[in-house]
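Please keep the sequence and the coordinates at hand while reading.

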Number of protein chains: 6
Amino acid sequence: MFVYEKKLQYPVHIVTPNPRLAALIISQYGGPDGELGASLRYLSQRFSMPYPELKGLLTDIGTEELGHLEMIGAIVYQLTRGLTDEQVRQAGFDAYFVDHTTGVYPTAASGFPWTAASMQVKGDPIADLTEDLAAEQKARVTYDNILRLSDDPDVNDVIKFLREREIVHFQRFGEAIQSLRERLNRKNVYYMNPSFDQ
Amino acid sequence: MFVYEKKLQYPVHIVTPNPRLAALIISQYGGPDGELGASLRYLSQRFSMPYPELKGLLTDIGTEELGHLEMIGAIVYQLTRGLTDEQVRQAGFDAYFVDHTTGVYPTAASGFPWTAASMQVKGDPIADLTEDLAAEQKARVTYDNILRLSDDPDVNDVIKFLREREIVHFQRFGEAIQSLRERLNRKNVYYMNPSFDQ
Amino acid sequence: MFVYEKKLQYPVHIVTPNPRLAALIISQYGGPDGELGASLRYLSQRFSMPYPELKGLLTDIGTEELGHLEMIGAIVYQLTRGLTDEQVRQAGFDAYFVDHTTGVYPTAASGFPWTAASMQVKGDPIADLTEDLAAEQKARVTYDNILRLSDDPDVNDVIKFLREREIVHFQRFGEAIQSLRERLNRKNVYYMNPSFDQ
Amino acid sequence: MFVYEKKLQYPVHIVTPNPRLAALIISQYGGPDGELGASLRYLSQRFSMPYPELKGLLTDIGTEELGHLEMIGAIVYQLTRGLTDEQVRQAGFDAYFVDHTTGVYPTAASGFPWTAASMQVKGDPIADLTEDLAAEQKARVTYDNILRLSDDPDVNDVIKFLREREIVHFQRFGEAIQSLRERLNRKNVYYMNPSFDQ
Amino acid sequence: MFVYEKKLQYPVHIVTPNPRLAALIISQYGGPDGELGASLRYLSQRFSMPYPELKGLLTDIGTEELGHLEMIGAIVYQLTRGLTDEQVRQAGFDAYFVDHTTGVYPTAASGFPWTAASMQVKGDPIADLTEDLAAEQKARVTYDNILRLSDDPDVNDVIKFLREREIVHFQRFGEAIQSLRERLNRKNVYYMNPSFDQ
Amino acid sequence: MFVYEKKLQYPVHIVTPNPRLAALIISQYGGPDGELGASLRYLSQRFSMPYPELKGLLTDIGTEELGHLEMIGAIVYQLTRGLTDEQVRQAGFDAYFVDHTTGVYPTAASGFPWTAASMQVKGDPIADLTEDLAAEQKARVTYDNILRLSDDPDVNDVIKFLREREIVHFQRFGEAIQSLRERLNRKNVYYMNPSFDQ
């Protein structure tokens, strides 16, 4: 079970409203490579992961990603606080506003509600961990792109923290898959499930 | 942020594998009225909820629902442990198995991956809380239906616990909307946002 | 069966083309809380609604919402009549135009085609009516938001009429659920199906 | 606007419950080529259809299809009335039941909720009418297939009526496109919009 | 099987970057009436098409459409080469950029990832060929609309080539359906499968 | 552009109809980890891949996967040839049959039409190649699962061939990412784009 601790993993203090930027950053809330997909992927995969330390790794990272989801929500919320009428009407935010006002809804920047079709739980330890490596790389690129699109230092400071964490997670999943390969079969260069191929 | 506590909110101990039942109960993991939608709905709505005690209520219930999601995942996992070949092949589980083996994936019983289109964050306190009342009623009916479909006492004991919690949440959301109505306007029988109608 | 009467429930006469506004108002045609979802929800729920007067209420309101869907279609159509080349090319309408020209297509403002995943028919009278209360609140907020985004008096006059109707429907569904609760069990404060809990 | 007339276009009286058959016939309620898509397609296309008699044709057929949607809903409802516990649990209906009990929900037989992605409104008279020809052919095949899967004479009598109507609609759309071609350009064998090609 | 020939069916040489135009033309890559849907529709329908020459026709056109998909990809890629920071940030491209950088992803202009729900394989020769007629008409209109939105001669030269090919395909499918009708039943004006109606 | 060669990459000769097995194997046609997603992913990613030999690798494998898609289509088609009435009606195939007869439609075994949401083109060479590693692993597991569900030697012979090819592709993508890492930065153990991190 989960316990809520009333603080963010890393502080979020945005001074300047910027609804267009909010409408882009929302992609890390509910977009194809965002924090919702990350946390749900890891917290779901852990059930069928056969080794306790890998189960624990998925639980740890999945729980941390829930905190990242919250941080992204806080950024979006703060970027849309106290908007003037004119800011609400600007082309980059009005399509979001008409259906969600300034609520935080899990959608991609493109306007597509989050779908579990963008993640997989394959029930196979090597396939699941390779999926996780890919997920972390894709999240890293999304953060790269947000940094290219934003020049708000308050936002970018938080985005850099989150991007750094994805890189750490990538490394931890890489170590996990390495240890799994060694455990399964030292010469299994194809990342197969050797029990099936015997 | 969230902290993981290594126990379930209520214990899950399933003795008898039953893949067909797993393929139905998965709907409370990733179906239209399941625990993923519940937790994400409440944890997302809280950002724009204007009163601290309502924000706190959404956080509390949303966090508890994350624990329910975990419990449903545990039920599905335990119902599909150690399957024989024949059990894997049975018509009610094979379509799930081919794409997810015995991993726990957020899908409806009908085979439709979870989509955020099944929930809403409207950024309006009355609309969001009324959505929450509906969500709890729909979750309650899904649990009713699972009880009609299952005769495994180990499963039903847990389902009854979860169903009971939905009823408590419904009551708490009902009290919240009542207090909000009183706060907004004692005579606002239409549940409108009075600031707009002035 | 349905009979078409060749007039709108309330007249729509838009003088000034405004494709950006059309691309937002389309959300009440095919968006998550729009008139298509409303009419289909009520006209579908009525089959399993056990009491004739509630079945009749769902049929009445569902049929009226079909007329609202038509009114929204008329607004979108009139806002995009006789566009100049420059108006067609403007950023707020070109993505819609490329795939639908100026046809009226059931999509959300965000560009997501309407999906039945945004509504529910639960086959339980209390759950279905609570869903309907939520639907009317969410539609009301969408109309609030359109009024915030539009300053065309021809449009706003119609939107205010439609918004008013949602409030009336909300009230009627509220009365229906109240009468249903009394019928089921006077002390059933949890809105449960008492037949299951005995 | 629409007026509801309290009778079906053609009577539906099913004697024998058959939940598996209901779970297949639902595809004509909310499946890719069903009556919801048909009615919404025609009632949406009419706004941009430039000639009054074609606008009227789309309105007429679209309104009739709303009545067919109602007939399919009645079939599904009657096939699932008064089910025994055992009938509810059978593999062909349980996945539907867990999320919708015996409510009538717009989904395909495959379990996929109806999506507007399965229809198009192109804002071009020739493209829209050709889409309508295809829609009627696809609906006709679905009814063919239901007749192959069902041996209930009460059901098949109604399905044959509906199938017959699709064939009549196909013929009427064929005549409409023929008259449109003649109007646009007698030699336009390519079904193009000649205004663009000049 | 397929063999790749390292050239485009028709050359693509775009000089001027234009990310907004790229974000519209992408609809012919992954939009509802684009080249992905076209090729997949024809290459899938051919399996159940009963006559060798129609099977061959579907294979030929389906294979050509794969080459058109490649040409559209090349247009999108060339329109987004070497963007300046300012061009990346412009409102019409930033939502795409945040999730895909300048990669070519199969999405509609509206931001909706391609879905097979927008095509059908009905397993009936007349229904499938009528669907194909509609598909070609809808693709033709999309190209019409791109020509209305673009004033880049390098782009428009290629779009005109592709549009011309859709018209040729429409004519070939029209001839195919004509020969099929004659083969099935000379008087079958309703385009039915006569084997079912006997 | 692509040229069709009228033979399968590997022969498919199925003797025994088995519609239930067809309804499972279809997942490699249009399921989340199937051949459609594979070919489209690689053929789309190649546009933004910066090095000619990696662009060539993606084109080669993407083109081969088009041939695998065709082989899977041939398996599904042959497994459903000449069905008796009773075979058509069996629970595992009827939901597919009602909407597609015995046509080959791109859907998952679970009944969910293929969606591009299940793949990504990130426009970043390391992220895209890591996604490809994951895709090959997931396809390999799906083939493992089909082998667990099928005991038809004619089918399994082909499935083993396809599974073997996925393993070869995985290895080739692994070598590609290794060479890319060396090129980018010999010590870049995090698989980052070093140009961004300087």
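Chain A has a mean pLDDT of 93, and 93% of its residues reach 70 or more. The model is a predicted one, and for the complex as a whole the predictor gives an ipTM of 0.94 together with a pTM of 0.96.

The arrangement of the chains can be approached through a pair of copies. In general, two copies of a chain are related by a rotation about an axis and a shift along it.

The interface between chain A and chain B can be described both by its contacts and by its area. On the side of chain A, 44 residues are in contact with 44 residues of chain B, and the two chains bury about 3800 Å² between them, of which 63% is on carbon and sulfur atoms. Within the area that chain A buries against chain B, M1(A), F2(A) and F47(A) supply 21%, which is more than any other three residues.

Over all chains, the structure holds 39 aromatic pairs. In one of them, the ring centres of F2(C) and Y4(D) are 5.2 Å apart and the planes stand at 65°, and because an angle over 60 degrees counts as edge-to-face, the pair is assigned to that class. F2(C) belongs to strand β1 (residues 2–4) of chain C, while Y4(D) belongs to strand β1 (residues 2–4) of chain D, so this pair joins two chains. As for accessibility, F2(C) is buried, with a relative accessible area of 6%, whereas Y4(D), at 25% relative accessibility, counts as partly exposed.

Another pair is formed by F93(E) and Y96(E), whose ring centres lie 5.6 Å apart with the planes at 25°, so the pair is stacked; both residues are buried. In chain A, F93(A), Y96(A) and F97(A) form one aromatic cluster. Charged side chains also lie over aromatic faces: R46(D) is placed over the face of F47(D), at 5.1 Å from the ring centre, and K55(F) lies over the face of Y77(E), at 5.3 Å from the ring centre.

Two further residues may be examined individually. S118(E) is found in the loop between α6 (94–100) and α7 (125–149) of chain E, and because the limit for a buried residue is under 20%, its relative accessibility of 15% makes S118(E) count as buried. Apart from neighbours within four places in sequence, S118(E) is in contact with A117(D), P32(E) and R41(E). Q78(A), by comparison, has its place in helix α4 (residues 52–79) of chain A, and at 13% relative accessibility Q78(A) counts as buried. When residues up to four places away in sequence are not counted, Q78(A) touches V12(A), H13(A) and I14(A).

Terms used:
Residues are numbered from 1 along each chain as its sequence is written. Chains are lettered from A and ligands numbered from 1 in the order in which they are written. This is a predicted model: local features need pLDDT of at least 70, side-chain atom pairs count only at pLDDT 80 or more; totals for chains, interfaces and linings use all residues. Side-chain values use heavy atoms; hydrogens and water are left out. Rings of Phe, Tyr and Trp (its six-membered ring) pair if their centres lie within 6.5 Å; planes under 30 degrees apart count as stacked, over 60 as edge-to-face and the rest as tilted. Helices (H or I, at least four residues) and strands (E, at least two) are DSSP runs, numbered from the N terminus. Buried means under 20% relative accessible area, exposed over 50%, partly exposed in between (1.4 Å probe, protein chains only). A charge sits over a ring if NZ of Lys or CZ of Arg is within 6 Å of the ring centre and within 35 degrees of the ring normal. pLDDT is the predictor's confidence in each residue, from 0 to 100. Contact means heavy atoms within 4.5 Å. Buried area is the accessible area (1.4 Å probe) that two parts lose on being put together, summed over both.
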